[in-house]
Amino acid sequence: MRTHAWNPYIAGALTGVLLILSVLVAGQYFGASTTFARTAAKVEAAVGIDTSRIAYFTANGGKYGPDSLPNWQVFFVLGIALGGLAASLASGTFKIQRVPPMWAARFGDRPLWRNLAAFTGGVILIFGARLAGGCPSGHGLSGLAQMAVSGFVALTFFFIGGWVTAKLLYRD
């Protein structure tokens, strides 16, 4: 069994092959953030919250509303999680740990602060993705595959944002 992480160039090339296959087989480019909005609408409908007057959920004939699930994006998001698990198991890098050492060094070992930091980061990420009309996989990877200028611009700023965030969080 392998005991080291995957080569990022090979993983990137395989991601590119998967994107091409996704377009050829399913006619769909990568994208994941809309799944979270659709799932939220489905949960809200299940607990009796009416989303029928929210423009986002009713636009394009209800394309983004609770009745749009399940769809290919749900399976794409599930595939990301299962694929990550399979890759870590195959590489021998999978392990269950309470807190990653780098995270504990920055935020300590207190669950409240770690959870607040993770939740806040998630809220900021999904807000930004919805504000931008898509996520890094949709704008960046799919945009680059189509040679869209917006894809290059988006991916450039995703990398800059990631670098700035890492510098602010970890400082080293």
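**Figure 1. Residues around the second largest pocket of the predicted model.** The lining of the second largest pocket comprises 18 residues, and those nearest its centre are Thr 15, Leu 18, Gly 79, Ile 80 and Gly 83. The volume of this pocket is about 520 Å³. Helices α1 (8-26) and α4 each contribute at least two lining residues, and α4 gives the most, with 8 residues. Sorted by class, the lining of the second largest pocket holds 12 nonpolar and 6 polar residues, with no charged residues.

Figure 2. Two or more lining residues come from each of the elements α2 (33-46), α5 (101-107), α6 (111-132), α7 (136-145) and α8 (149-170). Among these, α6 gives the most, with 11 residues. The lining of the largest pocket consists of 16 nonpolar and 11 polar residues, and no charged residues occur in it.

**Figure 3. A nonpolar patch on the surface.** The patch is formed by Phe 75, Leu 78, Leu 82, Leu 85, Leu 89, Phe 94 and Ile 96, which together have about 740 Å² of accessible area.

**Figure 4. Leu 78 in helix α4.** Leu 78 lies in α4, the helix that spans residues 72-91, and is a member of the nonpolar surface patch. Its relative accessible area is 47%, so Leu 78 is partly exposed. Helix α4, where Leu 78 is found, also gives the most residues to the lining of the second largest pocket.

How values were computed:
Residues numbered from 1 in each chain as written. Predicted model: local features only at pLDDT ≥ 70, side-chain atom pairs only at ≥ 80, totals over all residues. Heavy atoms only, no water. Patch = residues over 30% accessible without salt bridge, like charges linked within 9 Å, V, L, I, M, F, W, Y side chains within 5 Å. Areas by Shrake-Rupley, 256 points an atom, 1.4 Å probe, with all protein chains shown as cover. Salt bridge = Lys/Arg side-chain N within 4 Å of Asp/Glu carboxyl O. Helix = DSSP H or I, 4+ residues; strand = E, 2+ residues; numbered from the N terminus. Buried < 20%, exposed > 50% of the residue type's maximum accessible area, 1.4 Å probe, protein only. Nonpolar A, V, L, I, M, F, W, Y, C, P; charged D, E, K, R; others polar. 1 Å grid on protein atoms, 1.4 Å probe; cavity = no way out; pocket = protein on both sides within 12 Å on 5 of 7 lines; lining within 4 Å. Points joined across faces, edges and corners; volume = space filled by probe spheres on them.
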